Structure formats: structure tokens, C-alpha cells
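Hi everyone, thanks for having me.

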Amino acid sequence: ESANKNMTARQGKILNAIIKEYVKNPQPVSSKILAQKLGLSSATLRNEMMELEKLGYLSKPHTSAGRIPTEKAYRLFIKSLEGEKKVEMPFFAKATEGSKHPEEMFRKMTQKLAEMSGGLAFSGIKELNTFFQSGLANLFKEPEFEDRDYFSDMAEMMEEFEKHFDNLFKEVAENQTKIFIGKENPLSKTKRLSLIISGCKMPNKKHGVIGLVGPMRMRYDYNLALINELRKYLEKFYEQG
């Protein structure tokens, strides 16, 4: 299935605006809200949103006139980020200053990643059998927390986290970042949580991973830049060491 074979440029612009609006405020996005932002009539927007729904990029909750993005929409949004200029974020060096051992390094950077992203950050080193997580409280602060299904999905994922943590090392090779949206999430077959994970190259043939979990409407562009910058920082740190 090609990502946007049947989508017009205007529909692409509308879909992008819906995703960004929904990330900021997880309420179904109405044509009225978009009309103010895009300068298009509500009637035009309603027609285009219906077309985007037919194409599988939007869904309409039963109780609302607005639309919300689907997994397919987020996947297209992420594809559009490829090749974008990477943001330089030199804050990890300060956060991990003075760390001599890999375990201490990973623990500190996990805390910083949770703080910067507002999500649940995790990391681990397979050969040392270490696992760190930070920021669970961040997920409790999300508006989705009021949804009982979100809470049960999150509880299920946390139960599986350490139990299936070894499987995450199989998901990503060194120097590779992957994004799992909604039900693709290997930790929990949920439609509500997404996962960004990256494999880190370490000395002595060790395999490290770093990652983030958040609602499906997470800020993929910012979080992806965070994870990739952190991976590059780690690789540079170990090369110099």
C-alpha cells in the first residue's frame, strides 16, 4: 500500500495540521478549528476530511463531529520527517558528566531523556543484564489517563517490560532507530501507546538500547531527534573513551 498515492497536496496539508493539533490537544479535530488555521471554508474541510477518512488516515469517534489521526496517518507523518535536518542537542554531555561506568551513564541519560521528552524513557545493556526506566509518572499526566483502556494498556505494558526486555534487543541492530506505532508496539498490542527505540554501539561488543514510550499522538519529530542525538552522543563518548 503506497503511503499517499491517492492524496492531494491540499489533503496532505490538512492531515499534517490535524496531527499537529491533536498532538497538542487530544480532542477530535473539527473543521471549524482547521478553518481558522488553514484559511479554508468549513464545507471544503469537511469534504476533504471525509476523503481522508475513506483513505484510512482519519477516524471519526462515535460521539464527535471531529476526526482523529489513525496509525496510518502517523506512519505517513514519520515518513515525511526522513531527511529533515537533525537538531543538535548538546545537553546529554552535562547530564552524564562524571559518569565512568556504562551502568551509571545509562541510568543518568535515561532520567534526562524522560525529562526532555515528557514520556517514559528506558535503556539497557544486554550483556550486563541492566535495565533502567524513568518517567512513568509522565504517562499518568497525559489526558489519555482518564480513559480506562489507556490505563489497562499501560499496566499491561509495564508488566511485560522487564519480562520481555530481551526481545527489544532483537528489534534493533546497532546504529538503527525504529518506531512502533500503536498495535505495532512489541511490548503491548495496544492502539494507544507508541515506542521509539534505538540500538547503541558500545565497546567490547556490548549491545545497548535506548527508547521512549508515549501516547500514540506523541511528538514523533522531537522525540526522534532526541533519541538519534543521544545515540550519536553515546557512540562519540565511547569512541573517545
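Let's start with what covers the buried residues of α8: the list includes β3 (120-125), β4 (130-134), α7 (136-141), α9 (165-171), β6 (193-201) and β7 (207-215). Keep in mind that this is a predicted model.

Which residues of α8 are buried? They are Tyr150, Asp153, Met154, Met157, Glu160 and Phe161. These residues lie on the same side of α8, because they cover an arc of only 135° around the axis. Here is a handy rule: an α-helix has 3.6 residues a turn, so residues three or four places apart point the same way. Now turn to the other side of α8, where Arg148, Glu159, Glu162 and Lys163 are exposed.

Next, a pair of helices. α2 (residues 31-38) and α3 (residues 42-54) pack at an angle of about 115°, and their axes are 9 Å apart. That makes the two helices, α2 and α3, roughly perpendicular to each other, and their crossing is right-handed. Where they meet, α2 brings Ser31, Lys32, Leu34, Ala35 and Leu38, while α3 brings Ser42, Leu45, Arg46 and Met49.

Last stop: Gln176, in the loop between α9 and β5 (177-180). Gln176 is partly exposed, because its relative accessible area is 29%, between the cut-offs of 20% and 50%. Leaving aside residues up to four places away in sequence, Gln176 touches Glu171, Ile197, Ser198, Gly199 and Arg231.

Notes. Residues numbered from 1 in each chain as written. Predicted model: local features only at pLDDT ≥ 70, side-chain atom pairs only at ≥ 80, totals over all residues. Heavy atoms only, no water. Buried < 20%, exposed > 50% of the residue type's maximum accessible area, 1.4 Å probe, protein only. Helix = DSSP H or I, 4+ residues; strand = E, 2+ residues; numbered from the N terminus. Arc of directions from axis to C-beta. Contact = heavy atoms within 4.5 Å. Axes fitted to C-alpha atoms, helices over the stretch in contact; angles between N-to-C directions. Parallel < 35°, antiparallel > 145°, perpendicular 65-115°, else oblique. Left-handed = near helix turned anticlockwise from the far one by under 90°.
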